[in-house]
Amino acid sequence: MGKKISSVIGLIVIIVSLICLGTFKLQQIQYNKETANVKQMLNQRKKVLKERQKIAHQSVLNENLVSSNKTKSENTQDYEARQDLQTITKKFFNEYFTYDSQNTYIKRKDKVRGIATNSVLNDKKLFNNGLDKTGIA
């Protein structure tokens with residue numbers, strides 16, 4: 001009789017454990033779905049915010065460019081020039097330092113042709129064949 005009771009209690013414990021485990025798994029699935037939905041909504045709102053910031057920023061720049069205040073207009077022109085220079089510089093260095101083989105190393109010159117001057121492009125210290133003094137890559 002004692003063994004039957006122990007077996008029944010063990011079976012009940014297993015069943016309760018399985019029910020709890022299943023409930024936990026269902027809650028975890030639901031939580032993951034909710035998390036994914038919130039992340040998606042957050043990403044959408046970030047895109048909208050970024051676009052609105054871009055529009056507002058451009059509006060302020062345009063307003064300052066046509067401003068009767070000469071200093072404000074000049075500062076805005078300087079700001080835009082710095083932004084353009086930063087963009088071009090970032091692109092140049094990204095192309096210059098990003099390569100994964102001898103072939104892509106050599107092609108760096110072609111990638112920066114539109115943003116670098118001829119003197120930079122013809123500089124053999126910057127754009128060489130990638131071989132060392134012994135002729136090894």
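# Notebook: helices, salt bridges and rings

**Entry 1: Asn64.** I looked up Asn64 first, and it counts as buried, because its relative accessibility is 15%. My cut-offs are these: buried means under 20% relative accessible area, exposed means over 50%, and partly exposed lies in between, with a 1.4 Å probe and protein chains only. Asn64 sits in helix α1, which covers residues 2-65. Helices here are DSSP runs of H or I with at least four residues, strands are runs of E with at least two, and numbering starts from the N terminus. I then listed the contacts of Asn64, leaving out residues up to four places away in sequence: Lys72, Ser73 and Thr76. Contact means heavy atoms within 4.5 Å.

**Entry 2: what kind of model this is.** This is a predicted model, where local features need pLDDT of at least 70, side-chain atom pairs count only at pLDDT 80 or more, and totals for chains, interfaces and linings use all residues. Residues are numbered from 1 along each chain as its sequence is written, and side-chain values use heavy atoms, with hydrogens and water left out. I checked the confidence next. pLDDT is the predictor's confidence in each residue, from 0 to 100. The chain has a mean pLDDT of 89, and 97% of its residues reach 70 or more. Which element has the lowest mean pLDDT? Helix α3 (residues 102-106) does, at 86, while α1 has the highest, at 92.

Entry 3: I looked for a nonpolar patch on the surface. Ile14, Leu18, Leu21 and Phe24 form one, and together they have about 440 Å² of accessible area. A patch takes residues with over 30% relative accessible area and no salt bridge; like charges are joined within 9 Å, and nonpolar side chains (Val, Leu, Ile, Met, Phe, Trp, Tyr) within 5 Å. The areas come from the Shrake-Rupley method with a 1.4 Å probe, and for residues only the protein chains shown count as cover. I picked out Leu18, which is found in helix α1. Leu18 counts as exposed, because its relative accessibility is 55%. Arg45 also lies in helix α1. Arg45 is exposed too, with a relative accessible area of 57%.

**Entry 4: salt bridges.** How many salt bridges does a search of the whole structure find? It finds three. A salt bridge needs a side-chain nitrogen of Lys or Arg within 4 Å of a carboxyl oxygen of Asp or Glu.

- Lys70 and Glu74 meet through their side chains at 4.0 Å, N to O. Both lie in helix α2 (residues 70-97), four residues apart, about one turn of the helix. Lys70 is exposed, at 60% relative accessible area. Glu74 counts as partly exposed, at 37%.
- Lys111 pairs with Glu95, and their closest N and O atoms are 3.9 Å apart. Lys111 lies in helix α4 (residues 108-111) and Glu95 in helix α2, so this pair ties together parts that are 16 residues apart in sequence. Lys111 is partly exposed, at 44%.
- Arg113 pairs with Asp110, with closest N and O atoms 3.1 Å apart. Arg113 counts as partly exposed, because its relative accessibility is 44%.

**Entry 5: aromatic rings.** A pair of aromatic rings is described by the distance of the centres and the angle of the planes. Rings of Phe, Tyr and Trp (its six-membered ring) pair if their centres lie within 6.5 Å; planes under 30 degrees apart count as stacked, over 60 as edge-to-face, and the rest as tilted. The whole structure has six aromatic pairs. One of them joins Phe92 and Phe93, edge-to-face, at 5.3 Å centre to centre and 85° between the planes. Is Phe92 buried or exposed? Phe92 is buried, at 13% relative accessible area. Phe93 is partly exposed, at 42%. I moved on to another pair. Tyr96 and Phe97 have ring centres 4.8 Å apart and planes at 90°, so this pair is edge-to-face. Tyr96 is buried, at 12%, whereas Phe97 counts as exposed, at 56%. Ring pairs link Phe92, Phe93, Tyr96, Phe97 and Phe127 into a cluster.

**Entry 6: distances.** I ended with sequence gaps set beside spatial gaps. Gln102 has its place in helix α3 and counts as partly exposed, at 29% relative accessibility. Gln102 and Asn64 are 38 residues apart in sequence and 48 Å apart in space, C-alpha to C-alpha. Arg45 and Ala81 are 36 residues apart along the chain, and their C-alpha atoms are separated by 30 Å.
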